[in-house]
Amino acid sequence: MMEIHADFALNPRSVEEFARVLVPEALTAVLQVTTEERDGEIRVGLRAGGREAAYSWRALGDPADEQKTAMVKTLLLRLYGKSLSWGSLMGVRPTKVLRRYWEKGFTFSETREIFRAFYDVSPEKTDLLHQVLKRELALLNRDAVNMYIGIPYCRTRCVYCSFASYEIGGGVGRYYRDFLESLHREIDAAGAFLKKHHFTLESLYIGGGTPSILEESDLEALLGQIEKSVPLENLLEYTFEAGREDSLTREKLALMKVRGVRRISLNPQSFNEETLRRINRPFDRRHFDQMYEAAKALGFLLNMDIIIGLPGETTEQVLFTLKELKKYDPDNLTIHSLAFKRHSRLFFGEKGRIPLDKDRISDEIARLTAEMDLMPYYLYRQKNLMEWGENVGYAKEGLESRFNVEMIEENQVTVGLGGGAVTKLITKDSGGRDVVKRLINPKEPALYIRELDERLAEKLEKLRQWKAATGSTRGFE
C-alpha cells in the first residue's frame with residue numbers, strides 16, 4: 001500500500017488511483033512530498049524509493065492544493081521514467097481540462113505550453129486536443145437541453161459491451177412489451193413537463209442497446225409518441241442508433257425518415273468477419289451494404305464507428321478495416337480504442353489483445369480522415385485501454401453531432417429516459433466549476449418498470465429546481 005507524506009492537504013486516493021493505473025511500481029513506495037510557493041510560482045519536490053525529482057510552475061489560478069496534486073502526478077511519471085502519450089492526464093474528458101483553462105482567459109498558445117510541459121502530454125495529443133476544442137466551441141450551447149432515450153435490448157450482446165443491453169431472446173426479453181408501455185408513459189410525462197416549463201430541446205438521441213431491434217409497429221408507435229409528446233420545434237439534431245445491420249430493414253429506415261429522424265448510426269466496428277464472430281456480433285456484409293445504400297438514398301446523415309484493439313485482431317486486420325472504410329462516405333466516423341469495461345464479459349474473460357503498431361495505424365487514420373474530409377471534433381478516453389488510445393469522433397465540416405459534443409463536455413443538461421438512461425443536471429459552483437448531478441434509470445427492464453413512477457417524479461422535480469436555478473450558482477435541494 002502506498003504511503004504518502006505531504007506538507008499540504010493532498011488527496012491520497014487520487015494519487016493512489018493514478019499510480020494504480022499508470023505507475024503501478026510506485027504502489028509499494030513511501031512518497032515524500034515537499035512544496036514551496038514564492039513570487040507566483042509553486043515548486044513541488046518528490047522522493048520515493050531512493051529517487052528524487054522536482055519542478056516549478058507558475059500558479060495557474062486553481063486552488064493551490066489542486067495544482068500541487070497535479071504536479072505530484074507528473075513527477076511520479078518522471079521519477080519512474082514513464083513517457084506516456086497522454087502524460088499525467090488520466091481522466092475521461094481531457095478536453096474539459098483544456099476548456100477550463102480557455103474559459104479562464106488562457107490563450108491556445110499558453111495552454112499548449114501547459115499541456116506539454118506541465119502535464120507531459122505529447123505534441124501529437126496536445127495538437128489533437130486543440131483541434132477538437134476549437135470545433136467544440138462553435139457548437140456548445142448552455143442555454144438548451146438534450147434528450148437521450150435508451151432501449152436496453154439487442155439480438156446478441158457483444159463481449160466488450162458494458163451498456164444497458166439485454167438479449168431480446170433471453171429471459172429479460174419477456175419484459176419487452178411492459179418496458180415499451182412504461183417508456184411511452186415516461187416520454188409522455190417528460191414531454192409535457194418540458195413544454196410546461198419552456199425548455200429548449202436542441203438534440204434528441206435514441207440509443208441502447210440497439211433501438212432498431214424494435215418491431216416495425218413498435219418503432220412507429222415510439223417515434224409517434226415522441227412526435228406527439230416532446231417539444232421538437234427547436235430541435236437541431238435527431239439521431240437514431242441503428243448501429244447493427246442485423247436489426248435493420250428498409251421499412252424501418254423509411255419509418256425513421258417519415259417521423260423526422262435525420263441522423264443514424266451504422267457501425268461495422270470491424271470488417272473482419274472472424275473478429276465479429278469472436279465478439280458475438282453477427283455480421284452480413286451484403287446486408288450492411290444494402291442498408292448503407294438505403295440510408296444514403298433516404299438522405300440520412302450517416303455515422304459509422306470502428307473499434308481498434310478488438311480481441312485477436314492484428315495490425316494488418318485493423319489496416320484492412322481502415323482500407324474498407326474508403327468504400328463508404330460517412331458524414332461522421334468515430335474511431336474507438338477498445339477499453340476493458342468492468343461490466344462487460346470481456347473484462348472477466350480472455351482479453352486476447354494483440355500488440356499493435358501505433359505508428360502504422362495512426363498514419364493510416366490520418367490518411368483516411370484526410371481523404372474523406374473528416375476532421376476531429378470530439379474526444380474522450382477510458383480506463384483500461386491502449387496507452388496511446390482514445391476515442392475520437394471525426395466529421396465533415398458543419399456535420400458534427402451536437403449531442404456527442406454536449407455529452408462528452410458535460411456542458412448541457414441531459415434529460416434521460418428509458419433503460420439505463422442518465423439525466424445530468426449541471427450548475428456552476430462558487431469557483432465557476434461545473435457540478436454534475438446524475439439521476440440514473442435502472443438498466444434492467446423489470447426494475448425500470450417497477451420503479452418508473454418514483455424515479456420519474458424525482459427526475460422532474462430536480463429538473464424543475466434546475467430550471468428555477470438557471471443563471472444562479474445555488475445548488476440542488
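**Reading a predicted single-chain model**

Author: E410 has its place in the loop between α14 (402-409) and β15 (413-418); helices (H or I, at least four residues) and strands (E, at least two) are DSSP runs, numbered from the N terminus. This is a predicted model, in which local features need pLDDT of at least 70 and side-chain atom pairs count only at pLDDT 80 or more, while totals for chains, interfaces and linings use all residues. Residues are numbered from 1 along each chain as its sequence is written, and side-chain values use heavy atoms, with hydrogens and water left out.

Reader: Which other residue has a positive phi although it is not a glycine?

Author: Q269 does, with a phi of about 65°. Q269 belongs to the loop between β10 (263-265) and α9, and is buried, with a relative accessible area of 7%.

Reader: Where is a cis peptide bond found?

Author: The cis bond joins G208 and G209, with omega of about 20°. G209 is in the loop between β8 (201-208) and α7 (216-229).

Reader: How many helices and strands are there in the chain?

Author: The chain has 15 helices and 17 strands. For 477 residues, a compact globule would have a radius near 23 Å, and the chain agrees, with 23 Å. Its C-alpha trace spans about 70 × 55 × 40 Å along the principal axes.

Reader: How many of the 477 residues, as a percentage, count as buried?

Author: The buried share is 56%. The chain exposes about 20,300 Å², of which carbon and sulfur atoms supply 49% (areas come from the Shrake-Rupley method with a 1.4 Å probe; for residues, only the protein chains shown count as cover). As for contacts (heavy atoms within 4.5 Å), among those between residues at least 6 apart in sequence, 73% join residues at least 24 apart.

Reader: How many positive and negative side chains does the chain have?

Author: There are 71 positive and 72 negative side chains, and the centres of the two sets lie 2 Å apart. Lys and Arg count as positive and Asp and Glu as negative, without His and the chain ends; the place of a charge is NZ of Lys, CZ of Arg, CG of Asp or CD of Glu.

Reader: Which residues have the most contacts inside the largest nonpolar core?

Author: A nonpolar core is a set of buried Ala, Val, Leu, Ile, Met, Phe, Trp, Tyr and Cys residues joined through side-chain atoms within 4.5 Å. The largest has 126 residues, and F115, Y119, L204, I226 and M256 have the most contacts inside it. Helix α6 (residues 176-196) gives the most to this core, eight residues. A second, separate core of eight residues includes L139, Y377, Y378 and A395. Beyond four places away in sequence, I226 touches I149, I187, L204, I206, L232 and Y238.

Reader: Is L276 buried or exposed?

Author: L276 is buried, at 1% relative accessible area, and is found in helix α9 (residues 273-278). Apart from neighbours within four places in sequence, L276 is in contact with P268, Q269, S270, R281 and F283.

Reader: What does T334 touch, not counting residues up to four places away in sequence?

Author: T334 touches M304, D305, I306, Y378, V392 and G393. The residue is found in strand β12 (residues 332-337) and is buried, with a relative accessible area of 5%. One of its contacts, Y378, is included in the second core.

Reader: Where does D7 lie?

Author: D7 lies in the loop between β1 (3-6) and α1 (12-22), and is partly exposed, at 45% relative accessible area. Sequence separation and spatial separation may be read together here: D7 and T34 are 27 residues apart in sequence and 5.9 Å apart in space, C-alpha to C-alpha. With residues up to four places away left out, D7 touches V33, T34 and T35.

Reader: Which residues does E227 touch, not counting residues up to four places away in sequence?

Author: E227 touches L232 and R259. It is found in helix α7 and counts as partly exposed at 41% relative accessibility. L232 is also touched by I226.

Note on methods. Rg over C-alpha atoms; globule rule 2.2 N^0.38 Å. Buried < 20%, exposed > 50% of the residue type's maximum accessible area, 1.4 Å probe, protein only.
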